[in-house]
Amino acid sequence: MPPFLLEVKNLKKGFPIRKGFFSRIRGTVQALNNVSLNIQRGETLGLVGESGCGKTTLARALLKLIRPDSGEILFQKTDLVPLSSRQMRPFRRHLQMVFQDPYSSLNPRMRVGEIIAEPLLIHRQINRSEKREKVAELLEAVGLSPNFYDQYPHEFSGGQRQRIGIARALAPLPELIIADEPVSALDVSIGTQIIHLLQELQKKRHLSYLFISHDLKLVRMISHRVAVMYLGEIVESGPAEALSHPLHPYTQALVSAIPIPDPALKRKRILLAGEVPSPTELPSGCSFHPRCPYAEERCKTQKPVVKEWQPGRWASCHFVDKIGGLHE
Amino acid sequence: MKTVSYKSVVWQQFKRNRLALAGLVFVLCLVGIALLAPWLSPYSPTEYDLSSILLPPSTHHFLGTDEEGRDVLSRMIHGSRISLSVGFVAVSIYVSIGILLGALAGYFGGLIDIVISRLTEVMLCFPTFFLILTVLAFIGPSLYNIMIVIGITGWTGIARLVRGEFLKLRHQDFVTAAEATGASSLRLIFFHILPNSLAPVLVSATFGISSAILVESSLSFLGFGVQPPTASWGEILSQSRDFIDIAWWLTFFPGLAIFMTITAYNLVGEGLRDAIDPRLKV
């Protein structure tokens, strides 16, 4: 097997909750709890989960915008976690990010050309005289007119702004792009165009994506592999096709909630009881047990470990044998 | 496709406000008068002419003369230089200090923020005018001292404003994006956060100029400002206190000039504030 481009091992991040006059720490929000995942070159890893489960925290932790508490982020075999921000700088070129909100992710006082050229200037990949030419190339690569160089972001629509954001991410020739819900703020049709653009760029430039979304259907469509996150943990991961018969009861519930545009087709909907527990007080044992329809005594006390049940398919549940879609 | 820059949008909005536009024209005229003072003033502002003491306004002396026969108009034209330079220099000093401290506090947070914020609050507790009076009493009144003292006592408002803007902008996506690209702290502060936080500072500085002019006039009136025979509006007022019942023009015109100037700056400030309101943005 070729080496992974990015390998994350047991990443942890907790946010202290401070209260009271002397800012005493009154507990921790465990946003990332032993997250492990890996991405190969040219691959799209889809990351799904409910809002608040830690997807965005993971994205920011991977880029070291938030300092992880423990764990390893191996990028081409270098661990990024212990690096200082100065040591981190040369790696930033290889790891870029596309943001959810195209309105807040572009500096309103900078011209489009300046925005796109900034990463190139920071990493000294071009000198000032090449700037215009390079930006024009990038604008064309994302399907925009090279004449937009002198325009300001407020003159563009959401979809165009997202393309500008993608051009900025592409500029330093990164290996991995972390796309944090890149289409959820856009109209469906515009979103589809952006997805096609991302796929086309992946083929042309051999990019890897970590594609974060809460839209399981979309993730299944564009990802090679999918990881499912619940309360700061990856509860299941596997090839995208395997999502049609999931192993973990949480994934089963998510998959059963995807609407199918066929009124004749009947199937069992798994409705989860209760709310997502507060991440300040994680449940004992399996963190999914309070909402799990199959939970037994054992789930309350013993935390399941992530196990490879089939080649490439991992899940953390005691009863995958009994309830998981292993044999379908 | 025509590019609409942020500045042109603000100018469009500003132009709609007629009062603000009038204020701006007045301010620009004042700047012109101050620059051209030696050529515009019909008489010397300091030379005595004991043959024409306390003359009321006439065709020879449009605004009359004072107790030493000096032309009031000429003295006021030269005085406008003092007022404007005090306004601009003092405000430039304190805006620079305020931006620096506010940016440090808002960007780095933590201990730096605590220290700077407490320092700001301590400064706010002093009654500024009396602090300035006290300091001037020690170091002696002069034009430069006034500028410096107003400058180093007035920064608190700007610092708090900039700190707030930095706190708000620090975690905006476009700043995070630049950070993720590898931009240094200096680059984040000067290219990304600061340009987006300057609009309210500009408004505050406009109001600041008017209050600095007022402070200078008050100081000169109390004798702590520029020293005679140098003319300043406050100083003319101060000198003419004794003749208020026999020479109304000595107090009326400098007072009117101060009043109009303050009003004009405030109108410009209000117009700017309305024009940069983010809700009006395209």
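Modeller: Let us begin with B:Ser197, which is found in helix α10, residues 185-221, of chain B. Please keep in mind that this is a predicted model.

Biologist: Is B:Ser197 buried or exposed?

Modeller: The cut-off for buried is under 20% relative accessible area. B:Ser197 has a relative accessible area of 1%, so it is buried.

Biologist: Which residues does B:Ser197 touch, not counting residues up to four places away in sequence?

Modeller: B:Ser197 touches B:Glu165, B:Phe166 and B:Leu169.

Biologist: Where is the place of B:Thr46 in chain B?

Modeller: B:Thr46 is in the loop between α3 (37-40) and α4 (72-108) of chain B. Leaving aside neighbours within four places in sequence, B:Thr46 is in contact with B:Arg70 and B:Pro229. As for distances, B:Thr46 and B:Asp274 are 228 residues apart in sequence and 43 Å apart in space, C-alpha to C-alpha.

Biologist: How should I read the burial of a whole helix? Why is helix α7 of chain B described as largely enclosed by the rest of the structure?

Modeller: One counts its buried residues. In helix α7 (residues 143-153) of chain B, 8 of the 11 residues are buried, so the helix is largely enclosed by the rest of the structure. The buried residues of α7(B) are B:Leu143, B:Asn145, B:Ile146, B:Met147, B:Val149, B:Ile150, B:Gly151 and B:Thr153.

Biologist: What covers the buried residues of α7(B)?

Modeller: The cover includes α4, α5 (110-125), α6 (128-139) and α10 of chain B. Helix α10 is also where B:Ser197 is found.

Biologist: How many helices and strands are there in chain B?

Modeller: Chain B has 12 helices and 0 strands. Its pattern along the sequence is accordingly written as α-α-α-α-α-α-α-α-α-α-α-α. Buried residues make up 49% of the 282 residues in chain B. Of the contacts in chain B between residues at least 6 apart in sequence, 71% join residues at least 24 apart. The C-alpha atoms of chain B fill a box of roughly 75 × 50 × 25 Å along the principal axes.

Biologist: What can be said about the surface and charges of chain B?

Modeller: Chain B exposes about 13,700 Å², and carbon and sulfur atoms supply 69% of it. The chain has 18 positive and 18 negative side chains, and the centres of the two sets lie 16 Å apart.

Biologist: Let us turn to chain A. What does the secondary structure of chain A come to?

Modeller: Chain A has 10 helices and 12 strands. Its radius of gyration is 21 Å, close to the 20 Å that the globule rule gives for 328 residues, so chain A is as compact as a globular protein of that length. Of those 328 residues, 54% count as buried.

Biologist: How do the surface and charges of chain A read?

Modeller: Chain A exposes about 15,400 Å², with carbon and sulfur atoms supplying 52% of it. There are 44 positive and 32 negative side chains in chain A, and the centres of the two sets lie 5 Å apart.

Biologist: May we look at one strand of chain A through its residues?

Modeller: A:Arg225 lies in strand β9 (residues 225-230) of chain A, and A:Met229 is found in strand β9 as well. A:Met229 has a relative accessible area of 0%, so this residue is buried. Leaving aside neighbours within four places in sequence, the contacts of A:Met229 include A:Leu32, A:Val35, A:Lys55 and A:Tyr250. A:Arg225, not counting residues up to four places away in sequence, touches several residues, including A:Asn38, A:Glu43 and A:Pro239. A:Arg225 and A:Ala242 are 17 residues apart in sequence and 8.9 Å apart in space, C-alpha to C-alpha.

Biologist: Finally, how is the meeting of two chains described?

Modeller: The size of an interface is often given as the accessible area lost when the parts come together. Here, chain A and chain B bury about 2,300 Å² between them, 54% of it on carbon and sulfur atoms. A:Arg109, A:Glu118 and A:His154 supply 25% of the area that chain A buries against chain B, more than any other three residues. In terms of contacts, 28 residues of chain A are in contact with 25 residues of chain B.

Definitions and conventions. Residues are numbered from 1 along each chain as its sequence is written. Chains are lettered from A and ligands numbered from 1 in the order in which they are written. This is a predicted model: local features need pLDDT of at least 70, side-chain atom pairs count only at pLDDT 80 or more; totals for chains, interfaces and linings use all residues. Side-chain values use heavy atoms; hydrogens and water are left out. Helices (H or I, at least four residues) and strands (E, at least two) are DSSP runs, numbered from the N terminus. The radius of gyration is taken over C-alpha atoms; the globule rule is 2.2 Å times the number of residues to the power 0.38. Buried means under 20% relative accessible area, exposed over 50%, partly exposed in between (1.4 Å probe, protein chains only). Accessible areas come from the Shrake-Rupley method with a 1.4 Å probe; for residues, only the protein chains shown count as cover. Lys and Arg count as positive and Asp and Glu as negative; His and the chain ends are not counted. The place of a charge is taken as NZ of Lys, CZ of Arg, CG of Asp or CD of Glu. Contact means heavy atoms within 4.5 Å. Buried area is the accessible area (1.4 Å probe) that two parts lose on being put together, summed over both.
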